[in-house]
Amino acid sequence: YNLDHFVIPDHYQDDVKSILIPHGLIMDRIAKLAQIITSEYDNERITVCCVLKGGHQFFSDLINYMKKALNKQGKTLPMTLDFVRVKSYENDQSTGDVRISWTEKELKELKGKNLLLVEDIIDTGNTMKKLLATLEKYELKSLKVASLLLKKTPLSCGYVPDYVGFAVPDLFVVGYCLDYNDIFRDLDHICAISDVGKEKYSV
Ligand code: 5GP
Ligand code: MG
Ligand code: MG
């Protein structure tokens, strides 16, 4: 989409190249995902776990739409909200070393639970594979993954999440809480970063 057709904060005018998914479209898609997800769970409590930091906005909008969908469906689905911090990226490159904040105690507490992980984007899939491998021996009752974005990249390890909002091209995307060195989380639309932006905020 043309940058002039949507509101971009002044401080990011030169830093994004194009708008890939406008905010309104993101919200419409999440409303539908929420309908699908709530319809696929029984009335048993689920633990919805946000993969921080990038997943925060998707998580919070998804929870809200799930509550609305449940109301409409006349269904009760108690939700426990949880958070895990995962970090691997510097600039637009994975550092290869995926750090996960779960402690042994937190992992043990997941036993017998229905866990839904909420992630911002699957790129190579290595981060999610590592998360899933970490959870393997903790005897969860069920485990599903919702990712707002799935990147179409030849570097994909083949992992595909249970729920996907949008497929995106093989570009570094920012906005809607997705960051470049912690910048751009306050941009509403999902955008492709420009060379100027990359240069300005590289570390
Ligand atoms: P993967 O391990 O699948 O290659 O990458 C997963 C993580 O890397 C995502 O959770 C996200 O934090 C980060 N990441 C991968 N691609 C992008 C991107 O295009 N933009 C942003 N902002 N983060 C990305
Ligand atoms: Mg992430
Ligand atoms: Mg990041």
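A residue is called buried when its relative accessible area is under 20%, exposed when over 50%, and partly exposed in between (1.4 Å probe, protein chains only). In this predicted model, local features need pLDDT of at least 70 and side-chain atom pairs pLDDT 80 or more, while totals for chains, interfaces and linings use all residues. Numbering starts from 1 along each chain, chains are lettered from A and ligands numbered from 1 as written, and side-chain values use heavy atoms, without hydrogens or water.

Y176 isn't a glycine, yet its phi is positive, about 50 degrees. Y176 sits in the loop between β8 (173-174) and β9 (190-193), and it counts as buried because its relative accessibility is 2%. F184 lies in the loop between β8 and β9 too. F184 has a positive phi of about 80 degrees, again without being a glycine, and with a relative accessible area of 0% it is buried.

## Around ligand 1

Ligand 1 has 16 residues around it, with T124, G125, T127, V173 and D179 the closest (a heavy atom within 4 Å counts as near). That shell splits into 7 nonpolar, 4 polar and 5 charged residues, with Gly counted as polar.

A backbone N or O atom of D179 comes 2.7 Å from a nitrogen atom of ligand 1. An N or O atom in the D120 side chain is 3.0 Å from a ligand 1 oxygen, and a polar backbone atom of I121 is 3.5 Å from an oxygen of ligand 1. On its own ligand 1 would expose 500 Å², and the protein buries 92% of that.

## A cis bond

The peptide bond from L52 to K53 is cis, with omega near 0 degrees. K53 belongs to the loop between β2 (46-52) and α2 (56-73).

Technical notes
A polar contact is a pair of N or O atoms within 3.5 Å; within protein, one must be able to donate a hydrogen and the other to accept it, and residues adjacent in sequence count only if both atoms are side-chain atoms. Accessible areas come from the Shrake-Rupley method with a 1.4 Å probe; for residues, only the protein chains shown count as cover. Helices (H or I, at least four residues) and strands (E, at least two) are DSSP runs, numbered from the N terminus.
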